[in-house]
Amino acid sequence: MKRLLVYVSLLAAGLFATSCIDDFLTQYPYSTTSPETFYKTEADFKQALTGCYSVINSSRINGKTVTGGTYYYGLVYVFEGCSDEAVSNSASTGTLYDLLRGSYQTDNAEIHQFWIAFFAGISRCNTLIEQLDGENDLTPEQRTAYEAEARFLRGFFYLHLAQAFGGVPVYDTPAVGSTAARDNLERVYTQIIGDFKYAWDELEDAGIFKSSANRWTAAAYLGSVYNYLASCKRYGVGQELVGIQPLNGFGWVDEEAMSLAARDILQEVVEKSPYELLDKENYRKLYYEMSKEAQYKECLLMAEFAENTKHCVSSYYILSPVGDARTVGGSYQRFFPTMKLYRSYDSADVRRDCNITGAYNPNNRYGSDLSKIPSETVDGYKYYVPAESSGIASGTSTALWCTGKFRVSDPKERSSINTNQCAMNYPLMRMAEVRLQYAEALYFTGDEPGARKQFDPVRERVLADGASLEKLNEAYYRPDFVEELLEERGRELCYESKRKIDLIRFGKITETIEELPSEGGPNNVIVSIDLLKDNWRNYKIWLPVPQLEIDLNPNLEQNAVYAD
């Protein structure tokens, strides 16, 4: 998003001084002004809204590091880890890798940064909303638009927190009270649904910024929340923990009503929104650094590159093919694909060789002569082409077993950013997911044939030349629709921070981890799979509340079992 991207703190005076969250958020938008004097013009409110959006992929908030807790990179570890898509290298150490292996600790730095950063976003949104009632130059229409976008973002932040921690304190004022207790999931999701509904009702087809949330973004998220709640209720998510901790129960959910609501609103997005699935010719541009105009056609929301601060996102660090960052735009290979993911693709599906690749220069094949590495030009930018993956399940080399979905342009051709930076956007909601969410809602409201038809446009654009959609559908067909849906979501949305939540909400995460084959990639990856199996327990569907926050606020209840 080409925004001002000035990192601003948006809290009113009166915050409690005893919480770690409060320490992050006690600055005003300008160091010498208060909210009462800052929020006057539309430019002021635009800057404030920019501050709300910036939390999605901030690396720092008010001088504090939060990279591990946002889509800068840490949240991908949170939501991709403990799944059957990506695993770590057992030789890699640190608390980030603990997130991949299911070794959740109450003092984990990244979990704490996640808690702090997203509550910072909530506080900024609440401050903006509150200031709309003051004296300012906005028209009534502008006030509604700013409130609707701020409320969408507040719902976005709360959704992430609720899916990760369960019940959390709900605030609708700028002050984040250090003595607030956790609210139950019914209260939290009432807030989330209310915010998304308001945004759906009040926003226009385009937001205040080119790529900010609009009414269709809100509708897509609202439909996904309905599906999430319905599936959690149907599959008894966390039911065995409710007796210990009632606040994380889904007993209040009417799953049939939720599925009907999901069906109706997702149908609106599929049939009436201006967003579309990119065609076969342009599909790969979804993941190329500089093909943003193509991405805007399919992506309803992205974690945006921040031009002023040179913020890049997770795909650069961990999800691009292996190679030197400064010379070929490669990654450090902190994730490895699983053999299960590789085998989930038919050979006629181009997504397999796009998402799982070899390195840019495997085993130093080209030496130091970069001119020998194959390259391609996409939308006027040069990209190096990685080697094909070996598809071999084990071995000692990482060179031919990479998460290769995202591609960074040639760093040497950049002028506005450094060679060790990138301008990648990370997709958060796109039309392919909307189609699959719609398929889910159709199935659970009794229309299985209609649900299966939603797979066709998602698969048709990824057919290899000469391949048949009918044969691909036959290869992917499962009598159990939910099994096929989850497999298709994995193939299409891998590395986009969806998989762990999918496995949780359908009650499949524990069995999936237990049955994950100990194969795929080099030997130390196999060891890491075994570590995940050893570490995982079903209570870990919820992250632990950071112990430092509990120490400062004894009214915060720890999640079940972590406190034992």
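Mentor: Start with Lys382, which is partly exposed because its relative accessible area is 25%. Buried means under 20%, exposed over 50%, and partly exposed in between, with a 1.4 Å probe and protein chains only.

Trainee: What should I know before I read these values?
Mentor: This is a predicted model, where local features need pLDDT of at least 70, side-chain atom pairs count only at pLDDT 80 or more, and totals for chains, interfaces and linings use all residues. Residues are numbered from 1 along each chain as its sequence is written, and side-chain values use heavy atoms, with hydrogens and water left out.

Trainee: OK. Which side chain meets Lys382 in a salt bridge?
Mentor: That of Asp410, at 3.8 Å, N to O. The rule asks for a side-chain nitrogen of Lys or Arg within 4 Å of a carboxyl oxygen of Asp or Glu.

Trainee: Where do Asp410 and Lys382 lie?
Mentor: Lys382 is in strand 8 (residues 381-384), and Asp410 is in the loop between strand 9 (402-403) and strand 10 (426-430). They are 28 residues apart, so the pair links distant parts of the chain. Helices (H or I, at least four residues) and strands (E, at least two) are DSSP runs, numbered from the N terminus.

Trainee: Is Asp410 buried or exposed?
Mentor: Buried, with a relative accessible area of 3%.

Trainee: How many salt bridges are there by this rule?
Mentor: The count is 39. Among them is Glu519 with Arg343, at 2.3 Å, N to O. Glu519 sits in the loop between helix 22 (509-514) and helix 23 (523-535), and Arg343 in helix 14 (residues 339-343), so this pair ties together parts 176 residues apart in sequence.

Trainee: Switching topic. Where is Leu301?
Mentor: In strand 4 (residues 299-303). Leu301 counts as buried because its relative accessibility is 2%.

Trainee: And which residues does Leu301 touch?
Mentor: Leaving out residues up to four places away in sequence, Leu301 touches Phe152, Phe156, Ser211, Thr217, Tyr221, Pro427, Leu428 and Met429. Contact means heavy atoms within 4.5 Å.

Trainee: Now the surface. Which residues gather in the patch of negative charge?
Mentor: Asp201, Glu202, Glu204 and Asp205. Patch residues have over 30% relative accessible area and no salt bridge, and like charges are joined within 9 Å.

Trainee: What about Asp201 itself?
Mentor: Asp201 lies in helix 8 (residues 185-202). At 55% relative accessibility, Asp201 counts as exposed.

Key: Patch = residues over 30% accessible without salt bridge, like charges linked within 9 Å, V, L, I, M, F, W, Y side chains within 5 Å. Areas by Shrake-Rupley, 256 points an atom, 1.4 Å probe, with all protein chains shown as cover. Lys, Arg positive; Asp, Glu negative; His and termini not counted. Charge placed at Lys NZ, Arg CZ, Asp CG, Glu CD.
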